[in-house]
Amino acid sequence: MKKSNIFVLLLAALLLTSCGIVPGSGKVIEEKGAATDTDGGTLTVPLTNFDTLNPLLTNNNSYYQLSNLLYDRLFAYEGSGRLVPSLVEHVETSDEGKRISLTIKKDIYWEDGTPLTTKDIAETFEAVKKCPDGTTYKDAMRRIMGTSNIEGAARAIVFDDRNIDFEFDKSYGNYMELLSFPILPAHIYGEEGMLEKDDFKVVASGPFTLKKWDKNKRLYLEKNQNYYGSLPYIDEIVGIIFSDDKAIQQAYDAGQVDLCAIDDYTWDRFRSDKKSKVESFETQNLEVLAFNTSDPLLQDVDLRRAIDYSVNKERIIDSLYLSQGTIATFFINPKLSSGLFTREESYLSVDTAVSILEKGGYRDIDGDGYRENKDGGSLVLHILANPLNHRMQTEAQMIADDLKKVGLKARLQTVGTETPEEGKEEEGKTKQTKDLASSLKSGSYQMAVLGMDFSAVADLHAVLGSSGSMNISRYGNEKMNELLKELREEQDPENQKELIDKVYKIFRKDVPYVPIVFKQNVLVCGPNIKGLMRPNAYSIYNGIDDISVIRKETHKNTTKK
């Protein structure tokens, strides 16, 4: 078969300061060097309640993050958003990109000393395809492949313990993301056991193993002495389970946990706290102004373009996001694009907006300061925002204020405004959320301030394709559809970059959305943690192998001095 792309991953040999041998496996493990009085220790982390230890079935983000320390993957994300080989030593594509051939590294073991082989990979791959709908990896596979029939569209072929091929029905540009699932041990479960939810036994291959799980209370991890890579400094991780994020922040304040991740821009108080270290990181969590392009007024691209030029994104970021956010011009965060999309531009120009409106026939005929429509009739735009989200409501009002500066009248559209009966507040919130979703789904809106959370590789077809599952704007463009199909199948990074640029140019011309800001999250670390965690959008525990935790005894002695 014709080979379309071959690249070999060269492994550099590391100079070790010391090493040891794991009893029973004959495996040499790396040590971090001479220990100090404060190396090791127990890291205490917060979790929210989760109902399964099975990483293929969980939808709980806190456990998902922690499970990355238990299970290895073929490919893993770097902080830049680039997928890189993890267990893979060699990758080769052939048959016009439809066949992916992998060779995995030598001497990788499960915690019980059993070698990790391609049989584990193949059976996990089959298990992912059979996961229930709504689970993370099954949904990702469907999204990337653009089909619900993933059973017949992909298969794994094992050649020996280290070599495996994946055959797909077509070429997929995001094949690494397709293959970035956590690998489970076939010798423990078999395919059916890999889908067990309630009595799932954790057997790890990552840097930590499960020591104990007190359901709804605590979870205990310890170092995996059979781990193939460099062992972390810390000896143990204790996960304490809390009811919600508010309880987690309270626990951090009380010193019950060593860190907490915050995604709601309430972290400013920690910056002035000398005991805390605040590490921010970029995300693919995007806030946009969506246009309903089927609305009679907003079918006019000139009106959409004028609104785009009117929105002061920097003011929104400074006022609502603590000046901590990346101005968005597209659905790809340039700081997480691995070089595929690098534009960081602000298109604010009141003069340009006014010029577009004037040329388009939108003029203030009656002299009240607001423009009429092309026919001279009243022109009032409505902006929908989540009534339960004060920040989004404020953002919508700020956009309305920006539009006023170019002579466009805009008002906030509300849904579910009736006050719930006493004692039924939660039911009232649920109804408001359903009303909002119903308005978006039915197209009963003109503009909407929305949050969109993408994977590392933003699914542009979902938001811009005529049949896209997230195409809230009801946007359609046949040339765009063709480019998106080509992009979905392209595997060469340079060609991907060129296609994304073409898609972006059509996007700028048609303006179905106004991307506003990519939000940042932070990891707040307490005084017991030595070193930096270096969190990123894909793993808040990214730098865990380089930190240590001050032992309580040492901390007390230091305090006495």
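Of the 561 residues of the protein chain, 53% count as buried, where buried means under 20% relative accessible area, exposed over 50% and partly exposed in between, with a 1.4 Å probe and protein chains only. This is a predicted model, in which local features need pLDDT of at least 70 and side-chain atom pairs count only at pLDDT 80 or more, while totals for chains, interfaces and linings use all residues. Residues are numbered from 1 along each chain as its sequence is written, and side-chain values use heavy atoms, with hydrogens and water left out.

**The chain as a whole**

- You will find 16 helices and 22 strands in the protein chain; these are DSSP runs numbered from the N terminus, with helices being H or I of at least four residues and strands E of at least two.
- Among contacts with a separation of 6 or more, 69% join residues 24 or more positions apart; contact here means heavy atoms within 4.5 Å.

- Helix H15 covers residues 493-510, and its 18 residues should span 26 Å at 1.5 Å a residue, which agrees with end C-alpha atoms 26 Å apart; the expected span is 1.5 Å times one less than the number of residues.
- The buried residues of H15 are Gln-496, Leu-499, Ile-500, Val-503, Tyr-504, Ile-506, Phe-507, Arg-508 and Asp-510.
- An α-helix has 3.6 residues a turn, so residues three or four places apart point the same way.
- The packing partners of these buried residues are helix H8 (301-310), helix H13 (460-464), helix H14 (478-489) and strand S20 (513-525).
- Ile-506, a residue of helix H15, is buried with a relative accessible area of 15%.
- Leaving aside residues up to four places away in sequence, Ile-506 touches Tyr-475, Asn-477, Lys-479, Met-480 and Leu-483.
- Between Ile-506 and Lys-479 there are 8.5 Å in space, C-alpha to C-alpha, and the two are 27 residues apart in sequence.

**H14 against H15**

- Two packed helices are described by the angle between their axes and the distance between the axes.
- For H14 and H15 the angle is about 160 degrees and the axes are 10 Å apart; axes are lines fitted to C-alpha atoms, for helices over the stretch in contact, and angles run from 0 to 180 degrees between N-to-C directions.
- That makes H14 roughly antiparallel to H15, since angles over 145 degrees count as roughly antiparallel, under 35 as roughly parallel, 65 to 115 as roughly perpendicular and the rest as oblique.
- H14 and H15 have a left-handed crossing: the near helix is turned anticlockwise from the far one by less than a right angle, whereas clockwise would be right-handed.
- On the H14 side, Lys-479, Met-480, Leu-483, Leu-484, Glu-486 and Leu-487 meet Gln-496, Leu-499, Ile-500, Lys-502, Val-503, Ile-506 and Phe-507 of H15.
- The contact of H14 with H15 has nine nonpolar, one polar and three charged residues; Ala, Val, Leu, Ile, Met, Phe, Trp, Tyr, Cys and Pro count as nonpolar, Asp, Glu, Lys and Arg as charged, and the others, Gly among them, as polar.

**H8 against H15**

- The axes of H8 and H15 cross at roughly 100 degrees and come within 8 Å, and the two helices are therefore roughly perpendicular to each other.
- Val-301, Arg-304, Arg-305, Asp-308 and Tyr-309 of H8 make this contact with Arg-508, Lys-509 and Asp-510 of H15.
- By class, the contact of H8 with H15 holds two nonpolar, no polar and six charged residues.

**H2 against H5**

- Helix H2 (residues 118-129) packs on helix H5 (residues 186-193) at an angle of about 25 degrees, with the axes 9 Å apart.
- H2 and H5 are therefore roughly parallel to each other, and H2 passes H5 in a left-handed crossing.
- Lys-119, Asp-120, Glu-123, Glu-126 and Ala-127 of H2 are in contact with Ala-186, His-187, Gly-190 and Glu-191 of H5.
- The contact of H2 with H5 divides into two nonpolar, two polar and five charged residues.

**Loop residues worth a look**

- Tyr-265 is not a glycine, yet has a positive phi of about 60 degrees.
- Tyr-265 sits in the loop between strand S14 (259-262) and helix H7 (268-271), and counts as buried at 8% relative accessibility.
- Ser-323 also has a positive phi, near 60 degrees, in a residue other than glycine.
- The loop between helix H9 (313-320) and strand S16 (325-327) holds Ser-323, which is partly exposed with a relative accessible area of 42%.
- Asn-68 belongs to the loop between helix H1 (61-67) and strand S5 (75-77) and counts as buried at 19% relative accessibility.
- Not counting residues up to four places away in sequence, Asn-68 touches Arg-73 and Tyr-538.
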